[in-house]
Amino acid sequence: MVTAEQVALYRQHGYLFPFPALSPDEVAECRAGLERFEQWLGTPVTDADRKWRSAGYILLPWVDRLIRHQSVLDAVESLIGPEILVYTSTFFIKEPNSPVFAAWHQDATYFGLTPHEHVTAWVALTDATAEAGCMEVVSSRGAPRQLRHAALGLANSINGGGQAIVEGFDEEAAVAMELPAGSFSLHHTLCRHRSAPNRASHRRVGLGISYIPAYARTIGSYRLSALLVRGRDTGAHFDLLSSPECELGPSEIERHERAYRRYRENYAEQTEWHERRFASA
Ligand SMILES: O=C(O)CCC(=O)C(=O)O
């Protein structure tokens with residue numbers, strides 16, 4: 001349950017944490033599901049093609065259940081209202097003692113979603129401690145704005161574009177969002193955040209779930225897919241996906257392939273548009 005005070009804090013700072021959500025059994029179910037997925041892949045998600053990190057709810061019924069978790073959806077509803085779609089989800093995994101990190105960035109940069117209402121719930125499936133490279137955030141101080149980024153292709157970046165904010169801001173004011181397994185944080189699409197390498201001896205596993213209200217749409221040339229998880233799709237701006245009927249079935253894989261391709265096309269277009277917009281600013 002998110003209180004009115006917490007909603008006000010979210011509007012001011014752009015993030016909220018921690019919220020307990022999953023029971024130990026639910027965490028165990030998710031970890032077992034991830035293990036089965038990696039067995040099927042024949043490799044850890046971190047070594048596999050990047051597409052397997054994305055939109056797992058199309059392929060895996062346990063991820064579909066996770067993104068519909070009542071505690072998560074109730075919190076998201078208090079921020080963006082009762083008609084909720086999932087735009088994407090990402091496995092954010094850092095192996096023990098690995099250099100993988102996220103440079104300072106804002107999620108809005110290459111998504112091309114308007115208005116800026118997208119909120120990410122980051123669900124910890126193992127302890128996301130500071131040592132393990134949990135997310136760090138900087139308050140928007142009531143005035144969120146899009147900052148200039150560059151898709152630098154940074155080595156060891158957990159984010160696809162290897163992107164980073166390339167203008168100065170008060171990064172020393174960063175707050176570490178430590179999360180015990182089974183809990184989640186929320187951050188606004190213009191919230192500046194990063195994460196350091198994992199210096200711990202355990203695997204840091206999280207699922208970032210991108211929720212949008214049904215009235216949000218993309219500004220680019222592509223019609224994308226999304227999954228309705230609460231209320232009605234009053235906006236009709238996306239092709240609605242269906243939940244997986246089984247784990248990694250042929251039609252699930254085919255749907256995932258199609259949705260991911262369009263997601264990447266939009267991402268590439270938005271990367272170019274961002275460059276152009278700031279070059280002419
Ligand atoms: O998991 C991380 O360390 C970074 C996650 C992230 O960038 C995000 O959730 O938007």
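How many residues in the lining of the second largest pocket are nonpolar, how many polar and how many charged? I began my entries with this count and found four nonpolar, seven polar and one charged, where Ala, Val, Leu, Ile, Met, Phe, Trp, Tyr, Cys and Pro count as nonpolar, Asp, Glu, Lys and Arg as charged, and the others, Gly among them, as polar.

**Basis.** I noted that this is a predicted model, in which local features need pLDDT of at least 70 and side-chain atom pairs count only at pLDDT 80 or more, while totals for chains, interfaces and linings use all residues. I number residues from 1 along each chain as its sequence is written, and side-chain values use heavy atoms, with hydrogens and water left out.

**Second largest pocket.** I read its space as about 180 Å³; a pocket here is an open set of points on a 1 Å grid over the protein atoms alone, where a 1.4 Å probe fits, with protein on both sides within 12 Å along at least five of seven lines, and lining residues have an atom within 4 Å of a point. The volume is the space filled by probe spheres set on the points, which are joined across faces, edges and corners. I listed residues of this lining, among them Leu113, Thr114, His116, Trp273, His274 and Arg277. Helix 5 gives the most to this lining, with four residues, and strand 4 and helix 5 each supply at least two; helices (H or I, at least four residues) and strands (E, at least two) are DSSP runs, numbered from the N terminus.

**Largest pocket.** I then turned to the largest pocket, which holds about 510 Å³ of space. Of the 32 residues that line this pocket, Thr90, Phe92, Asn159, Gly160 and Tyr263 are the closest to its centre. The elements that give two or more residues to the lining are strand 2 (84-94), strand 3 (102-105), strand 5, strand 11 (192-195), strand 12 (204-213) and helix 5. The largest share, four residues, comes from helix 5, and I recorded the division of the lining as ten nonpolar, 16 polar and six charged.

I followed an open sheet of seven strands in the order 1-10-5-12-2-14-15, with mixed pairing; two strands pair if DSSP finds at least two bridges between them. Strand 1 (15-20) and strand 15 (239-240) stand at the edges with a single partner strand each, so one side of each is left without a neighbour in the sheet. Strand 1 runs antiparallel to strand 10 (residues 183-188), and four bridges join the two; I noted that Leu16 has Leu186 of strand 10 as its bridge partner.

**Cis peptides.** Pro18 has its place in strand 1, and I found that a cis peptide bond, with omega about -15 degrees, joins this proline to Phe17. The bond from Thr114 to Pro115 is also cis, with omega near -10 degrees, and Pro115 sits in the loop between strand 4 (113-114) and strand 5 (119-124).

**Positive phi.** Ala55, in the loop between helix 2 (24-41) and helix 3 (61-67), has phi near 50 degrees, a positive value in a residue other than glycine. Is Ala55 buried or exposed? I found Ala55 buried, with a relative accessible area of 9%, where buried means under 20%, exposed over 50% and partly exposed in between (1.4 Å probe, protein chains only). Leu248 is not a glycine either, yet its phi is positive at about 60 degrees; I placed Leu248 in the loop between strand 15 and helix 5 (250-279), and at 12% relative accessibility Leu248 counts as buried.
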